[in-house]
Amino acid sequence: MKKTILSLSLIAAVMSSCSNDPLQALVDKVYDSLTLEEKAAQLYGIYPSELMVDGKVSLEKCREVIPYGVGHICQPTSSQDKDADGIREMVAAIQSYLINETNAGIPAIFHEECLTGLTARGATAFPQAIGVACSWDPAIVREKTAMTAKMMRAMGQQLALSPMLDVIRTPYWARIEESCGEDGYLTAAMGYAFVDGLQSEGFRDGVAGTTKHFLGYGGANTLPWKDIYEEVLLPHEVIVRKLGSESLMTSYDKFRDDYAVCSDTLINVILRGYLEYEGTVISDYGSVQQNKRTRDEEVLKQCAIDALVTGNDIELCSPTSYKYIPELVREGRISEEVLEKAVKRALMMKARAGLLDEKPVLYAEGPLDLDSKESRELAYRMASESIVLLKNDGVLPLGKGLKLAVVGPNANSYWSMLGDYTFQSMQQFFHRHEVDPSSLNIPTLLESLGSYDGSVSYSRGVDWGTLNDIRIAEGGDERIRNMRVRKIETDDYTDSKDALKLAAQSDVIVAAMGENIYLSGENRVRDSIHLPGEQEQFVKDLIATGKPVVLVVFGGHPQIIEPVAEGCAAILQAWYPGEEGGHALADILTGKVNPSAKLCVSYPKSDSRELFCYNEKPSESLVAYPFGYGLSYTDFEYSEINVQSDAKTTDSSVKVSCKVTNIGSREGTDVAQLYVSPLSNQAIKPIQLKGFSRINLKPGESKTVTFELALDQLAWWSEKDNQTVWTITPGDYALLVGNSSAALTQSGICSVKGKDVEKKHREEYFAKVSID
């Protein structure tokens, strides 16, 4: 097909001749050469299946569906059950059509989920985000996402629809497993590392992250403005200001009175105003329609107007509303200026990704190992760091020569390892395809205990639950709205009497309980987060045998285990620990690995639906295990705290140091945590995390951890004359150090003197940490 716009060689010449902003010059030139239909086509995405016949890209379908090009190809690997070669063949065919057959000649951005690694058949499945957040290890997160970015780019993907930075204040929220928990600081630190790893090679050679969801998704949208700015916005603010976000996704929910996708307050006042964000705003899948289930063209057109005029640039995952943009522009209902801003932002993303180069590199040639030895080793290390030891009466680690009874629905199922937005979950739940379990090696807990030096017997005992334990929520992702709840089937014999008989004859019972992908995840709502189905009663019956019960809880929610906790000898919160989770759990149970994870949430005790966070000092009736809590097989002592006694409000930082000693008999890792409390009625939370560091210590070894707390971290938000103001207030501040929010054994006071210091925004967000 003959091109009527600039040739690629001329585009390159434009870039080289413009000394001021060559990418902007390129974008302007490309924009001016496009027809109205071609401009609009850059503002939406489609699934690759719309371009395929019998599993192959069809030129005829491409000409029919995207004659003017397209902005994005949505979820090319998670929606397709193809190996690496099959995916690259698909990418090559679609990009070839766009470059050589369309008048515009512009390649598409291929975007994909990557919360637990590359979401593709045969690719490494890392632990779920809520478990990774319990590692309190930003370095390992960065390592993982840098590895993921290389794989994504090799497969032809330029944009990740991750990470999720929502700050969650209720354990009931269906998507809590995708989050980093309840604290803004911890979420910001882990989210920063996630995006930093993705973008470590730059956008031209790496992958851009998409921070989501903007803003207050998961219940936090009802919090006071002060909490919104100080905590909920913090993870987004850090990444926008410090890393330069390329892409940001709004949510399905309303924020105050308007849906986030068309909220002027969110997009223009906060995002483009206060945060000075210049990147692309994309919708969540189907959110442009504002939860309206309609085919009425006028309603869909109004949805397009609402979203685009407000500043949502791109509609995913189909042009349900944005297909009307050419018509709406011609009618004057959308201005040329609004269209130009959105299209140029979309084109700038492509230019920065190298897609507008004369010879764009679209994917890597040669063989690809999607589950290499290196990535499996990393998955194992991450799983080992993510599993939280909640209770231990001395039964763990297991000694040699014991008779183990391994029971429960999660004992011999690879689904216990895999959360939402893994390839397997996407195929099974979203796309309703049966998963080939042989496509990835995922050892179960039972299989992983096969090397235990003792006897291991198994009886499943009970099922996960019934169809009554879950319901599909209204609203949200359009792919889910008409979905029926399903059960995961098993061939394992399931009889509680058989399992209880086996348990009674054992020395130790390992009960693998909890959820699977149909009991937690997007739009999968549980009205109770007790152990589902008959599991709670089954655990009570196991306890009644008189044998020590080691309860291993899998799933995406922190679940209410209070009715059985006292009777259990040990409790491990495993979350969804990924493909190597079985091995990691077996090694923790047998003592090859010393657990080091700390909770990123306040673990619930009751059925209360009240929003709560440790920083408001919630009632003991709400919390079973506090934020930051987690046990080890050794013991640590904190001593000799040294807090800088005074500072000025104009200073840049305050120092606090503390000695940490391993007083036990095993090598182990603890997480030293720094909190701040106001002592002079300053307008900040009663207690707030401000720094942390993992510290590995051999028996008897001591190290000193030093935190350099930025004064900006003491600033609080207010509004004056409709302008955001951050104020550092003089007064006394308690600086507290320990290994959980409820075990801060060391403290000191810093007196900050001087006048109030006001600024438009904070410049420093994290405490600097050194270990000697």
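Predicted model: local features only at pLDDT ≥ 70, side-chain atom pairs only at ≥ 80, totals over all residues.
Helix 7 comprises 17 residues, 138-154, and its end C-alpha atoms lie 24 Å apart. Because twelve of the 17 residues are buried, helix 7 is largely enclosed by the rest of the structure. The buried residues include Ile 140, Val 141, Met 147, Met 151 and Met 152, and also Lys 144 and Arg 153. Just after helix 7, Gly 156 adopts a positive phi of about 95°.

The aromatic rings form a second theme. A pair of aromatic rings is described by the distance of the centres and the angle of the planes. The count of aromatic pairs in the model is 20. In the pair of Tyr 229 and Tyr 274, the ring centres are 5.5 Å apart and the planes stand at 70°; as this angle is over 60 degrees, the pair is edge-to-face. Tyr 229 belongs to helix 10 (residues 225-232) and Tyr 274 to helix 12 (residues 264-274), so the pair ties together parts that are 45 residues apart in sequence. Tyr 229 counts as buried at 5% relative accessibility, and Tyr 274 counts as buried at 11%. Phe 429 and Phe 430 also make an edge-to-face pair, with centres 5.3 Å apart and planes at 90°. Phe 429 is buried at 2% relative accessibility, and Phe 430 is buried at 3%.

One aromatic cluster has among its members Trp 136, Tyr 185, Tyr 614 and Phe 766.

Charged groups also meet rings. Lys 39 lies over the face of Tyr 31, 4.1 Å from the ring centre, while the charged end of Lys 212 sits over the ring of Tyr 421, 5.6 Å from its centre.

Conventions
Residues numbered from 1 in each chain as written. Heavy atoms only, no water. Helix = DSSP H or I, 4+ residues; strand = E, 2+ residues; numbered from the N terminus. Expected span 1.5 Å × (residues − 1). Buried < 20%, exposed > 50% of the residue type's maximum accessible area, 1.4 Å probe, protein only. Phe/Tyr/Trp six-rings, centres within 6.5 Å; stacked < 30°, edge-to-face > 60°. Lys NZ or Arg CZ within 6 Å of the ring centre and 35° of its normal.
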